[in-house]
Amino acid sequence: MDASTTAERARYPFFNNGLYDVDGEGSYPATDQGLYDLTLNAEDRGLFRPPSLRNVALTAPYMHDGSIATLREVLQHYSAGGTVTTSGPAAGDGRKSPLKSGLIRGFALNEAETTDVLSFFDALTDERFVRNPALAAPEP
Ligand code: HEM
């Protein structure tokens, strides 16, 4: 697809969810800058498509680079309005990224609410799909 046309962008929405900001201008680590790597448009840095949450409880680690280990930490990422990386080449404050979506604003989540959302994620596990022998890896 030509990811840069307006029609294609409307069909395939991408978002920057505030995972990184390595330079104060919204850059993600150079290893993967999302849509930017295809378009080379500066405003496309850190744009990724939200994946389906079906079976999400079984698919740790999370985000495009597996940088968030658990769903509890994913909730901390969103409640903080982004992720702060304190050291290394990815260091920076994703909460303050100028390219972060306006939908990622942070919110308060107490322990009971956190547990409720984690239970909701568990409810998205499709056991019949996961245990279907017809969909299993072939015998070696
Ligand atoms: C509190 C509400 C939200 C929850 C619980 C949530 C949950 C998640 C989870 C569990 C993932 C990781 C999926 C995986 O790696 O398999 C994810 C990724 C993602 N979400 Fe959200 N999400 C929320 C809000 C949003 C909003 C509002 C946006 C749009 C601005 C968004 C955009 C994305 C994107 C683009 C990714 C992929 C990021 C990457 O691969 O680096 N999410 N979300």
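A polar contact is a pair of N or O atoms within 3.5 Å; within protein, one must be able to donate a hydrogen and the other to accept it, and residues adjacent in sequence count only if both atoms are side-chain atoms. The structure is a predicted model, in which local features need pLDDT of at least 70, side-chain atom pairs count only at pLDDT 80 or more, and totals for chains, interfaces and linings use all residues. Residues are numbered from 1 along each chain as its sequence is written, and side-chain values use heavy atoms, with hydrogens and water left out.

**View 1. Polar contacts between the protein and the ligand.** A backbone N or O atom of M63 sits 2.8 Å from a ligand oxygen atom. H64 contributes a polar side-chain atom, 2.5 Å from an oxygen atom of the ligand. Y78 places a side-chain N or O atom 2.6 Å from a ligand nitrogen atom.

**View 2. The iron atom and Y78.** The ligand's iron atom has a single protein donor, the OH of Y78, at 1.9 Å. Donors are N, O and S atoms within 2.8 Å of the metal (3.2 Å for Na, K and Ca); water is not among the atoms, so sites may look incomplete. Y78 belongs to helix α3, residues 71-79.

**View 3. The overall fold.** The protein has five helices and two strands. Helices (H or I, at least four residues) and strands (E, at least two) are DSSP runs, numbered from the N terminus. The order from the N terminus is α-α-α-β-β-α-α. The C-alpha trace spans about 45 × 40 × 30 Å along its principal axes. Of the 140 residues, 33% are buried. Buried means under 20% relative accessible area, exposed over 50%, and partly exposed in between (1.4 Å probe, protein chains only).

**View 4. The loop between α2 and α3.** L40 lies in this loop. Its phi is positive, about 60°, although L40 is not a glycine. L40 counts as exposed because its relative accessible area is 61%. N55 lies in the loop between α2 and α3, and its phi is near 60°, a positive value in a residue other than glycine. N55 has 8% relative accessibility, so it counts as buried. P61 is found in the loop between α2 (36-39) and α3. A cis peptide bond joins A60 to P61, with omega about 0°.

View 5. N16 sits in the loop between α1 (6-11) and α2. N16 is buried because its relative accessibility is 1%. A polar atom of the N16 side chain lies 2.8 Å from the backbone nitrogen of G18. The backbone oxygen of R45 is 3.2 Å from a polar atom of the N16 side chain.

**View 6. Salt bridges.** The structure holds six salt bridges. A salt bridge is a side-chain nitrogen of Lys or Arg within 4 Å of a carboxyl oxygen of Asp or Glu. R45 and D23 form one, at 3.8 Å from N to O. This pair links distant parts of the chain, 22 residues apart: R45 is in the loop between α2 and α3, and D23 is in the loop between α1 and α2. R45 is buried at 13% relative accessible area, whereas D23 is partly exposed at 37%. R72 and E111 meet at 2.9 Å, N to O. That bridge joins helix α3, which holds R72, to helix α4, which holds E111, across 39 residues. E127 pairs with R131 at 3.1 Å, N to O. Salt bridges that share partners join D93, R95 and K96 into one network.

**View 7. R105 and its loop.** R105 is found in the loop between β2 (92-93) and α4 (111-123). R105 counts as exposed because its relative accessibility is 69%. The side chain of R105 reaches the backbone oxygen of G102 at 3.5 Å.

**View 8. A nonpolar surface patch.** L58, F129, V130 and L135 make a nonpolar surface patch of about 360 Å². Patches are made of residues with over 30% relative accessible area and no salt bridge: like charges are joined within 9 Å, nonpolar side chains (Val, Leu, Ile, Met, Phe, Trp, Tyr) within 5 Å. Accessible areas come from the Shrake-Rupley method with a 1.4 Å probe; for residues, only the protein chains shown count as cover. F129 lies in helix α5, residues 127-130. F129 counts as partly exposed because its relative accessibility is 38%.
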